[in-house]
Amino acid sequence: MSILSKFVTVGLFTALIGALVSATPIGWSLEERIGLAWLFNARGPRPAPSNVIVVTTDRKSAADLGLPQEPWKWPRSLHGQLIQRLADKGARVIAFDMFFKDAGLPEEDQAFARAIQDAGNVILIEKMTRVDQPPSAVGMNMHLRVSPTAKLASASAGLAPNPLPAVPFRVNQFWLFEPSDEHVATFPFLAFNLYGAAAYEDLATLLERVQPELARQFRALNIAEPGNLQSLSQDLRNMIERHPGLADRLDTMLQAEQPGLSADWNSLLTSLLSAYRQGHSQYLDFYGPPRTITTVPYSCILNLCSPEASSLTNQNPEIDFSDAAVFVGLSEQIESEQQDRFHTVYTSESGLYISGVEISATAFANLLEHRQVMPLTLRHHLLLVIFWGIGISLTLRALSPTYLRTGIGFGIVLLATSMGAGAAYFGAAYYLFAREAVWLPVVVPLLIQLPLSVGATLFSRYWEAHKTRHNIQTALAHYVPGPIADQLAQNIEDFKTKGQVLEGICLATDAEHYTALAESFEPQELRVFMNRYYEVVFEPVRRRQGIVSDVIGDAVLAIWTTSAWNAEQRINVCDAALDIANAVEQFNRRHQGAALHTRI
C-alpha cells in the first residue's frame, strides 16, 4: 500500500502538471500547432462535397486568355461572362474572393454589374482595413470594411469581409461573424446563408408552429433586395440568441422529418441552425492539401482552356455545377506564384500554402456538411489530462513487475509499456478525429505527461532499489566487512562465482558461566542485557578497523584481514583485545549481579 500510495501521488503530480499546462495559452498553442497537425496528417485527406467548387484565376488561365497574370487587371466583362456561364450551369451561389475597389472602364463595370444582377446569387468580398486610433479614442485599433464600387455593390446579393490572419500565423478557425463587428456575417457564412435561402420558407413554416410572431417577422424581410442578406443573417442570430431553446425545438422538429420537407432541405436547415448555435467561430476541418476541393481553371469555364490547364482540374472536367456553391479566386500549384496564401496544417515542406479562396470554400463545405473540428470543452479537457496522468502512472507501475531485477529487463518492459500506452491513446484520439472530428489533446498527454510518468517510474524504481540496498548493507555491516556488505547489497549473484583468499587474524571471546546467567533472566530481559554486552565488545573491534564476523550466544568472532601485514595492523588487533578487556571490566562493574567475565 505504501508503494501504491507513492504512485498515486506521482499520478496526481503528473495530472496536476498536465492540467496546469493545458490551462495556459502555451499549452493550447502547442495543441493547435503540433497536436492538430498530427491528427490531420494521420487522418489524411477526405472527400470534399462535390457541390463546392473553386474556380481559380491561375497563371494557366491567364495564359489561355492572353491576359496579365494579375487577376485584378482582367477585364470585368470577362467576369460577367463567367457568371453567365455558371448561372447557365445551375450554380446556386457564386462568391468572388476578388476585391473590386476601383472603378474600371464604364462599359466593363456595366457588363459585370448587369451579369451580377441578372444572376441574383453573387456575393462580393469586402476588404478589411486596420485603422489606428489616437490614444484618447475608445478603441486603439479599429477594422474598417472597404466595399467594392457602388455599382457592383448595389448589384450583388450581399457583401462580406473575410477576416483571416496573415503568414506566419496558422489558420485553424474561421469566423461566422466579423470579430470587430458582430452584426456582420463573414464571406463564407454569408454565402452559406444565401445557399440556404431556398429553404427559408420551410424554416418560416416551422417557426409558425413554435413562435408565430417570429415567423411573421422573418417573412417580412425580403431577401431579394440588395443588402438584406446581411440583415437576414443578423435577424436569425438575434432570434436564436434571444429565445433560448428555440433552435433545439426546431432541430427536434427537423429530426422528426417534417411532411412536405425534402431530405436535402431538412439537412440544409439542420446545418444552418447548427451554425447559428455554434457561436462566433468554428475550427476548420480541412479536406486535404491545396486543391483537394474540386478546382477548375477560370479559362475552362469559358471553354478556352488549353490541354495543360484542363489537366489541372483535380476531377473529371465535366463537373456538375447544378446547385453548387462556386468560389472564384486565386489558387496556384507553384509556391513562387502564390499571391494569396495562408499558413495551415497542410502547408507543405516545399512552401505551398492553401489560398484564401480555398479556405473560404472549406469553411462553406464544413457548414454544409454540419461538420467541424470540435475541441473538448475546457472542463472535459482538464478532466481527460487529469485521469490520463493518474492512469498512466498506475499503468506503468502495474506493468513493470518488481521481479525484473536487472535494469535492462525493467527498462525494456517500461519502454514497451509506455510506448503501448501512448500508441493506444493516440489511436483513440485518431479514431475520434477521423470519424467524428472530435479533437482530443495529444501534445500534453504524450509529450509532457507520458515522459514525466516514465521518469517518475524510473526514479521511483531507483529510489526503492537504493533504499533496499541501504537496508541490506546496514544489516550486513554488523556481520561482514563494509565492502563485502556493499557488494552483497548491490548484487548477491556475484558471490556464487567469485572468491578471494586473504591472510587474517581472528579474535574470539566468550563469557564464563553464561548458561547459568541466562537461566536467571527472562527472555526479554536477556535480549536487552546481551545487546548492551555486544555493544561493549563490538565497539573496540570497529574502532580498531576490525570486523565482527560471527556471534553465537555469548561468543564473538572478530577478524582482521589484509593482503600484506605490517606492524601497525598487528598493533591494532592487540589494542582491540586490550580495549575489549577494559570495556568488559567497566560493564561488569555496572552490573555487579550479572557480570560476564570474558575470555579473549
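**View 1. R237 lies over the face of F177, at 4.3 Å from the ring centre.** The model is predicted: local features need pLDDT of at least 70, side-chain atom pairs count only at pLDDT 80 or more, and totals for chains, interfaces and linings use all residues. Residues are numbered from 1 along each chain as its sequence is written, and side-chain values use heavy atoms, with hydrogens and water left out. A charge sits over a ring if NZ of Lys or CZ of Arg is within 6 Å of the ring centre and within 35 degrees of the ring normal. R92 is placed over the face of Y195, 4.0 Å from the ring centre.

**View 2. F100 and F112 form an edge-to-face pair.** Rings of Phe, Tyr and Trp (its six-membered ring) pair if their centres lie within 6.5 Å; planes under 30 degrees apart count as stacked, over 60 as edge-to-face and the rest as tilted. The search of the whole structure finds 24 aromatic pairs. The centres of F100 and F112 are 5.1 Å apart and the planes are at 70°, so this pair is edge-to-face. F100 is in the loop between β2 (93-96) and α5 (106-119), F112 is in helix α5, and the two are 12 residues apart. Helices (H or I, at least four residues) and strands (E, at least two) are DSSP runs, numbered from the N terminus. F100 and F112 are both buried. Buried means under 20% relative accessible area, exposed over 50%, and partly exposed in between (1.4 Å probe, protein chains only).

**View 3. F192 and F364 link distant parts of the chain.** This aromatic pair is edge-to-face, with 5.8 Å centre to centre and 80° between the planes. F192 belongs to helix α7 (residues 187-195) and F364 to helix α15 (residues 356-369), 172 residues apart. F192 is buried, at 0% relative accessible area; F364 also counts as buried, at 0% relative accessibility.

**View 4. Ring pairs link a cluster of F521, F529, Y533, Y534, F538 and F587.**

**View 5. Helix α9 (residues 212-220) has L214, A215 and F218 buried.** These residues cover an arc of only 100° around the axis, which puts them on the same side of α9; the arc is that of the directions from the helix axis to the C-beta atoms. An α-helix has 3.6 residues a turn, so residues three or four places apart point the same way. The exposed residues R216 and A220 are on the face of α9 turned away from its buried side. The cover over the buried residues of α9 includes α8 (200-210), α10 (228-242) and α11 (246-255). R209 is in helix α8 and counts as partly exposed, at 47% relative accessibility. The C-alpha atoms of R209 and M253 are separated by 9.8 Å, the residues being 44 apart along the chain.

**View 6. An open sheet of 4 strands has the order β13-β14-β12-β15, with antiparallel pairing.** Two strands pair if DSSP finds at least two bridges between them. β13 (547-552) and β15 (598-599) are the edge strands, each pairing on one side only. β13 pairs with β14 (residues 555-562) in the antiparallel sense over 5 bridges, and V551 stands opposite V556 in β14. Helix α22 (residues 567-590) packs on the sheet, touching β12 (503-511), β14 and β15. Contact means heavy atoms within 4.5 Å. The direction of α22 makes about 10° with that of β12; axes are lines fitted to C-alpha atoms, for helices over the stretch in contact, and angles run from 0 to 180 degrees between N-to-C directions.
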